Amino acid sequence: MWTPKRTKLTLRLTLALAATAVTAWAAGSPPISEGCLQVIRERQPIGMCPLKHTEVSVDVSGYVARVTVTQQFENPYPQPIEAVYTFPLSDRAAVDAMTMKIGDRTIKGLIKRREEARRIYEAARDAGKAASLLDQERPNIFTQSVANILPGAGIEITISYVELLKYEEGEYEFSFPMVVGPRYIPGQPNGQGGTTQVPDAGRITPPVTPEGTRAGHDISLTARIDAGMPLQNIKSEIHEVDIERPEDTKAVVRLKNQKEIPNRDFVLRYTTSGKAIEDAVLTHADPRGGFFTLILQPPARVAPESATPKEMMFVIDCSGSMSGFPIEKAKKTMRQCIEQMNPRDTFNLVSFSGGTGYCFSRPVPNTPDNRKKALDYLANLQGGGGTEMMTAIRAALEGQNDPERLRIVCFMTDGFIGNDMEILDAIQKNARTARVFAFGVGNGVNRFLIEGMGRSGRGASEVVSLESNADAAAQRFHERVHSPILTDISVDFGGLGVENVFPAPDAIPDLFSAQPLVLKGRYTGVGDGAITVRGQTANGPFERKIQVSFPQSAPEHDALASIWARANVDFLMTQDWKGMETGVPNPAIKEAITKLGLDYGLMTQFTSFVAVEERQVTQGGKPTTVEVPVEMTDGVSYEGVFGRPGPQPLSLGQRVGAPRKMAESSAAAPATSPSVFRAGSELADKTSTLDSVQPVRTEINGPVRPAEAEAKSPIPASPKINPALRGLQAKLTNGSYNDGAVTVKNGWVVVYIRMSDDGQESMDALKKLGVRITSHAASRKTVAAEVRIENLEAVAKLDFVTQISPWSEAK
């Protein structure tokens, strides 16, 4: 038995997949080696804790994916440590297994009630036993605790889950989240690390690694696909990958970079050739009963002869986390959506951050003049401030008074809020006849909220990455709204013994996208029969019969039991969203969810995995909690989220009335958790109603250079510099200039810099030339930045810089 001479460490690894290596917070700290975790205590580095590797293994068979995540750590300290880390998984994941391996010992996690699991874990930890605990904070955010890791010992945590792939427009999609983005937390501090609206804020807001540092932890991902039909068009939207094709029907896809930074989602898409995808009924039977999943392929989209007029509400998130690349992508997508409206539609444009702004006081006709006002209003929006989404939800759903038009809400956001369940509750209760279409904009959005908004609002959802085609996304939105695939859907099981079907056969939402209708249920009777699906298309009534057989014994497709149980849990959560978020759920609903978790061995909000090695390994000592930052989401602006210290020459991340920061630090927000953004008076934008476009006013705090000095500056001539950026000195008036494409304020111009290398040395070289980097999209090797016009030529001379363009080019 090992007895420590010093106090044990509790190492809080708050991860962006699994927390990673990070350089020191304090100036003058020693250099950090890649792949190692710099442990911080009270803002000072105290040593290294190598996080060796994270391995993601994906096995896809047909529609079902089994995902295994293995995280490898070592303890370099002379005393035992406790590691606590927060990481994301798919919001559709049915997490059904967890193991911990320390040395040659493998400990299998057991599912328990959350409170009981916590008691078991803490008792084992305090007794000096190795133990691990896995909790669910949100359907897509989890916390893992591992106690008493011996000095020099290695540890592996393995988590496994199943989920169904998305399928739309003939294309399969698998996504794996790699980052927990910074959350804005509304409400008043509750004195317990949370707020009145988000009591568990401290458990969903990992600190973010400081700007200019990186986490260093590397991740590998391998996806093995067995489609059963010839595979085609395999592509990764955000990451570079290597693809092997052992057979026409199979593929192995690996991340090309085996030291990938976990700061953006992995998204894999592919199609199949050969015969058309057919309807399917998958079944599984075991001692718990029979389970089925019905996959009904949609009918062909039929365009109606005439467009039904609609009341369009366009809502865009202008908060600080959207600053830079995300908001420009959102504006471009929304601009296309506005331009594709039908002639008889009415519309309004709503923007929100700390407050809510309106382009018009009420919905107006779709005329060229009104569209121009809306597009001008949209063009002037910039990111800055908090994310008070509730006011925008109310604005979008209240006042549905037009009897001739169905209200359609087009909502664009990254979803970086802590009160996501409260938002889903508000949509569910206030949508009435409206339909909500949610776009998640960015490379690491909150998919739980984005997809939940579409479901709660009986519409659809889509994630638009920074690499996505905005025009194509807008066209899909137009098609969904203009010509739904199938409406008024009902399912008749024809006397077959089924129960607990999700969604309920008499409450199936309209099908707007060309994706299959998927029903998950249990069967209680064995035998053959037919399932009839009915609905309405633009051509009239639709009906299809699917022959099914429910067998007595069906050991295959064992994942269907977990998938059904997860669907049941999701349904129960929708019955009490507020209770789920505040921690005071309806007792009957809580017990029903808990029972499902225990019966099916699933992670839920009220059940956790716990594993204990009964052998005592340490004695004595009180753990000390140490928190470590996560990566900032790819493309998200540090300035937009945290504000900018010191002089600020030009605010790229600020819109009318919005503060430069999402929040100042508050007494209730721990200093070690800078990603907890509090709502406060400094965040409250004044609600504005604009019947005409108002100019954006930007405060200039940077030094104003004399006009004579500007005139003496050399005129940039490098071919790397866009012609629109040349000869600006001669165009300045009092140090400023604006022609719509180029904006100069007090000698500073907002630009878009493309690079061949965007490593830390390149970032440092830019900063040495006075470049103010506002947003960095690593997946594109680009930055949004502010540059003194006399320094443009010097920036262009850097070998790794390939192009400098006006910021408008990023749109």
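Which residues line the second largest cavity? They are Lys310, Met312, Cys337, Gln340, Met341, Asn342, Asp345, Phe477, His478, Val481 and His482. The model is a predicted one, and its protein chain has 811 residues, of which 60% count as buried.

**Confidence**

- The protein chain has a mean pLDDT of 81, and 81% of its residues reach 70 or more.
- For residues 1–47 the pLDDT is below 50, and this stretch has 203 contacts in the model beyond near neighbours in sequence.
- The pLDDT is also below 50 over residues 646–716, a stretch with 196 contacts in the model beyond near neighbours in sequence.

**Overall build**

- There are 14 helices and 43 strands in the protein chain.
- Among the chain's contacts with a separation of 6 or more, 75% join residues 24 or more positions apart.

**Nonpolar cores**

- In soluble globular proteins, nonpolar side chains tend to be buried together.
- The largest nonpolar core here has 109 residues.
- Leu89, Val95, Leu134, Phe176, Phe266, Ile393 and Phe411 are the residues with the most contacts inside this core.
- Leaving aside residues up to four places away in sequence, Phe266 touches Phe174, Ser175, Phe176, Met178, Leu221, Ser236, His239, Val241 and Leu255.
- Phe176, one of the residues that Phe266 touches, is also listed among those with the most contacts inside the largest core.
- A second core of 34 residues is separate, and includes Met312, Met322, Leu378 and Val481.

**Cavities**

- Rolling a probe the size of a water molecule over the atoms shows where empty space is left.
- Five cavities of 30 Å³ or more are found in the structure.
- The largest cavity has a volume of about 130 Å³.
- It is lined by 18 residues, and those closest to its centre are Pro88, Asn140, Pro177, Val445 and Arg447.
- The lining of the largest cavity divides into eight nonpolar, six polar and four charged residues.
- The second largest cavity holds about 80 Å³ of space.
- Helix 7 (470–482) and strand 22 (310–317) each supply at least two residues of the lining of the second largest cavity.
- Of these, helix 7 gives the most to that lining, with four residues.
- By class, the second largest cavity is lined by five nonpolar, four polar and two charged residues.
- Met312 and Val481 line the second largest cavity and also belong to the second core.

**The second largest pocket**

- The second largest pocket has about 930 Å³ of space.
- Its lining has 37 residues, and Ile261, Asn263, Asp758, His776 and Ala778 lie nearest its centre.
- Helix 13 (760–768) and strand 41 (772–777) each supply at least two residues of this lining.
- Strand 41 accounts for the largest share of the lining of the second largest pocket, with four residues.
- By class, the lining of the second largest pocket has 15 polar, 14 charged and eight nonpolar residues.

How values were computed
Residues numbered from 1 in each chain as written. Heavy atoms only, no water. pLDDT = per-residue confidence, 0-100. Contact = heavy atoms within 4.5 Å. Core = buried A, V, L, I, M, F, W, Y, C linked by side-chain atoms within 4.5 Å. Buried < 20%, exposed > 50% of the residue type's maximum accessible area, 1.4 Å probe, protein only. 1 Å grid on protein atoms, 1.4 Å probe; cavity = no way out; pocket = protein on both sides within 12 Å on 5 of 7 lines; lining within 4 Å. Points joined across faces, edges and corners; volume = space filled by probe spheres on them. Nonpolar A, V, L, I, M, F, W, Y, C, P; charged D, E, K, R; others polar.
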